[in-house]
Every structure is written in structure tokens, then in C-alpha cells.
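Hi,

Here is the structure I promised to pass on.

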Amino acid sequence: MCGIVGYIGPRQAYPILIKGLHRLEYRGYDSAGCALISDTDNHLNIYKAKGKVSDLERSATGKDISGSVGIAHTRWATHGEPSEVNAHPHLGRSGYITLVHNGIIENYATLRAQLIKKGFSFKSETDTEVLVQLIEYTQQKLNCGLGNAVRNALRLVIGAYAIAAIDSRRPHELVCARKSSPLAIGVVDDNSEFFIGSDAAPIAEYTDRIIYLKDEEVAVITRDAPIKVYDLKGHEAEKEIQHVSLDLAMLDHEGFPHFMLKEIFDQPKVLTDCMRGRIVESPYGHQPAVALSAVTRHRRELLRAKRIVIVSCGTSWHAGLIGKQLIEHFCRIPVEVAYASEFRYSEPVIEHDDVVIAISQSGETADTLAALRTAKDHGALVYGIVNGVGSSIAREADTGTYIHVGPEIGVASTKAFTGQVTVLAMLALALGIAKGTVSQEEYETTLRELSAIPAKIERVLLQNDKIRLLAENFTYAHNFLYLGRGCNYPVALEGALKLKEISYIHAEGYPAAEMKHGPIALVDREMPVVFVATNHDALYQKTISNMQEIISRHGRIIAIVTEGDEQVKAMVHKTIEVPDTISALTPLLTVIPLQLLAYHIAVAKGLDVDQPRNLAKSVTVE
Ligand code: G6P
């Protein structure tokens, strides 16, 4: 939700800021802006545009974009509609101080009323403009520099923020701060250059040395000097520099028309990366074994858990539902799966020997982070399953496993989902074998099957053209039903979510049998119904009965079936085949055609697949 970028150093800031904004555009894209202190006269130049970063570039064309210090922002609107006036950076009343912000200032109405009494006026509807005027007021009142003004102003603020600010009277300085919203500072070895980003993506090509601020820390960055970090009371904090490397190639389309399609096709490779060094040959022979360092380190706490609670949002929540089935099957530990946004306000009953698993692609989702903190407050061990290396959830969890699928840029999550399920399967097997709740034979068979999943996904991807042609028949639809049972029920939910997110077609995922208790009333000749109906378990024949119920009402069925399934093929309009695997791992294959189906329907409708309306990839507000 909103991306912020900043630069101070010897180079021209504008191209660095614009490139950084493109890299963060997945976080929000309804308006964009930048501020630069001009090389020629130290004048503050601010450019803004409604729309995407490319619109900002067009609006800045031909203007003075010089300057070696600057800040920039790409917005996902919270307070105030997307418009040029509400776009960041916002300017203090004297015209010198300007600010970009990601987060929500919860007490902005009170602060605004107090500032109005002191003679301030506001141009925008944003909470951010209140913050910049508060900094301006504090600076005048205390007659201090920008760092002190920011620090003292933030002491009055309730809410979440990651901010970067500059003052055109102080072109040698950039100040940033954070609380509950992410912020990374890239530092070049000799302190000659500093890069600010909401995450490492806009920084990675310049340096791998990153400082992450803690909550309520303010960094004062002065040209050619070591960075100074303070808490809000003004005590200086020691900061550790972390080395974070990103695969820069992952930040490009690599010849695919969209990030989403590239990321769907990335899955065989990144799932292999995810398992590398974790599924190994046992030291006693050629049998496979799973080795997760987090499980080795926290074996005692994990094995004594009587209950596991999974907290997450969106697609990560769907992965959590599959994780529940995997852990309950292999470990016989009861698992609850909670929406992080509900969990955090629910007075959760958490015992100190419960384990809480926080699943998050970004590692920055505000609700998941808050749920993690609640769980820690209750004394539970928190296990993070995260993609964002060095992200807040990765840092604050007691332990965890990275999914290592590389940066995911498309707003609709694809490879992160299969990475999360892969880690959950490895975790369930590692715990199950340690507890003795899975037989050696099932453990080895499942690990061999898991290792074979990337090659099987390749086979599903070969049907891309077929799925594209099929998708073109369904652009007319206003509603879709996705049905599945057992391990395929969470896949039905995920398929429906993918379609909603990028094609704007209303879709509902349902347990196939439960559909009789309501959604069946919607079925007519127009209604596409996607069944996820693989044939390896007892639920297969039951699912076929549910299909018959739809056929009797003339629904148009697309069925995801196991290769060679002639029974369903003879019954329904269209089938897409996936290779056979064991029941527990089926979601890793059945979700692939649903990702492709949603993608191709959205493309056929001419929609912006990677940046669908109203959504943002990283939801850093609650
Ligand atoms: C947003 C994204 C989804 C994602 C969800 C949770 O809604 O658009 O793709 O599943 O947030 O994000 P997380 O980063 O915590 O997995």
C-alpha cells in the first residue's frame, strides 16, 4: 500500500526515483509524485499526476528535474480519492518541507483541527498533509532542524507510518522514519550515497547493504556522513547493516507480456529453489529426508505444541487452509486457520505452548504483523512462512522458513501460493516424522512426490494455449462458481479469488456439496461452474454426484481432472488435465490451470492484469 522512494548522493536523483517507483508500483498505482531540490537554485520542485508512474513521467517532461536529493511516492488511496491534489509529496505551509508517507495517521482529524486553530489550512483530504504541517509547526516552535522536527512531531501521532522528508533549506539532508509500515535504507560502503525504499526492490541494484528501521525510529541521513538513527525520545540507536541480495532478473518480465504470466511459468523453477537443500538424501541411504533449520532449532517447542493457529490474509490464508489439512494429516495436531484481521481483535485464546504460524508473501501485511505480535504477547512461539527477505514478519517471528520464490510483482499472487504450500508440506512432514505420526513409508513417498511436483507443473503449463482458447469463451460471464472438496476446496477458493482480482467477474468458491445449500439457486445456462475433481480419493465419486446436480440445471462445467479421466470428460463441457499425485499435494497442481484461466479471461477482457483496479500487493494498512 503506497510505495516510497528516496535518494541522496552525488548522482541525479530523478532517474533513480522513477525507476524505484516502477519497482514499487505493485504497492499502489492510483497516483504518483516526486520532489527534488534543484541543483541550480535549491528550489523545491514537486511534480504529481493522477494515474501511474508513467503519467508522472509525462507530467514532468520538459521541467526542471535536476537535483541530487529527492523523494517520491506511488499511492494507494486511503484518505481522499485518487487525484493530483491528494497525491504525495505534500508540502508544508512555508513551502520548504515536503513529505511522502505510507500508512494511516489515525488521529489526523484531531491534529488537523488543532492545526487549523493555529492558522494552518489544508489543500488535500489526506492524513499525510496533516503530518507535514505538524512537522512544519514543530520545526517553527522548536526552531530546530528537520530531524528533530520529524521526531517530535511523530511523538504526537497515533497510527502507522513510513515517511521520507526533505527541506529545501537543508539540501544536504534526508530524514525518514517508520512505525508499522515498512522502510529500508540502502547504504553505499563509504556513506557517499543512500537509497530509501518501501522494500529492497528499488535499492538492490545499487547496494546490498540495508538498514531496517525499527518501529518509532527516525533516521537522519546527511550527505557523506554515517547515518544517525534515534528513537522518538532522541536516544541514538546502534543499527546493524544487513546484506540482502535480490535476483534482479526477477524484477523484469523476461519476455512475458505480464508479470503474472511470468510468475505462473516461474513455478517449476522456484519450487525447485524452495526445496533445494531442504529435501535431501538421508545420511543412512538413498531415502529422501526433509531438513528445515527452524524445525531443528525449535524442535522441543514445536513437538510439544498441542495446537497450531495459522494467521494470514488473502491468498496466504488459502495456503493456510491447505496447511491445516497437511499438518492435521501428518502430525495429528489440531490446527485453526484465522484471518489475521479478525484474530488480532478477537481476544484469542492462546496458550504459551501453542504455535502460531504467520504466512505472508510480502512479510509486511499490517494485520498479519499485528496478529504475530498478539501471539507473541501471549507467549506463543511464532513461526513465519514468508517470501520477503528481511521483511517485518520475517524479522519479528521467533523462527521460520523463507519460501524463496523470488520477488512476486503481479498483484494476483501465484508462485507465492505454491511456495507457501510447498513449505507447509515440508514443515508437516518434518514435524510428523519427528513425532512419529507419519510412517517412514508415507514420509518418503510424499517427499518423492513433492520433489516431482515441479516437473508435473511443467506438464500443466504445456496446456497454456488450450486454456487461453477456453478462457475466450467465458468473457461474457458475470458470475462464476468454483467447487471442490477436501484438499481441492481451498483450491476452489483460490481459483475464485484469482478470477475476482483480475477479471472483475464475481466468483464464489464453495465446498462442492455445500453448494446445494444456496449457490445452486444461481445456476442456469449462463453460469460457468469450475469443478476441481481429481480422482485419487473417496471424495471423487461424491464430487461427480455434485457435478450431476449442476448438469441437471444446465450449468456450463469446466472440470480440472486427473490425466486420463474419461468419466468426467464424457459428462462435461470442458476438462483440463493435471498429472496424478498423492491427495495431500494435489493443490500444487490443480491451482495452476485456475491461475491460467483467470489470467487469460482478464487478458481477453482487455484488463490490466498486473495492476488491477483498487488492489495493492502489499496491504500495510489495516
Ligand atoms: C493482498 C494481495 C494478495 C495477498 C494478500 C496477503 O491482498 O493482493 O495477493 O494474498 O494481500 O498478502 P501477504 O503479503 O501477507 O501474503
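Helices here are DSSP runs of H or I with at least four residues, strands are E runs with at least two, and both are numbered from the N terminus.

Before you go further, note that this is a predicted model: local features need pLDDT of at least 70 and side-chain atom pairs count only at pLDDT 80 or more, while totals for chains, interfaces and linings use all residues. Residues are numbered from 1 along each chain as its sequence is written, and side-chain values use heavy atoms, with hydrogens and water left out.

Back to helix 16, which is mostly covered, with 13 of its 15 residues buried. (Buried means under 20% relative accessible area, exposed over 50%, and partly exposed in between, with a 1.4 Å probe and protein chains only.) Just after the helix, Tyr-504 takes a positive phi of about 60 degrees.

Now the charged pairs. I took a salt bridge as a side-chain nitrogen of Lys or Arg within 4 Å of a carboxyl oxygen of Asp or Glu, and by this rule the count comes to 32. Three pairs to click on:

- Asp-266 and Lys-262: the closest N and O atoms are 3.0 Å apart. Both residues sit in helix 6 (residues 259-275), 4 residues apart, or about one turn of the helix. An α-helix has 3.6 residues a turn, so residues three or four places apart point the same way. Asp-266 is buried at 11% relative accessible area, and Lys-262 is buried at 0%.
- Arg-307 and Glu-336: here the closest N and O atoms are 2.6 Å apart. This pair links distant parts of the chain, 29 residues apart, with Arg-307 in the loop between helix 8 (299-303) and strand 17 (308-312) and Glu-336 in strand 18 (residues 335-339). Arg-307 is buried at 17%, whereas Glu-336 is partly exposed at 40%.
- Asp-367 and Arg-344: the closest N and O atoms are 2.6 Å apart. Asp-367 is in helix 11 (residues 366-377) and Arg-344 is in the loop between helix 10 (340-343) and strand 19 (355-360), 23 residues apart. Asp-367 counts as buried at 10%, and so does Arg-344 at 18%.

Cheers
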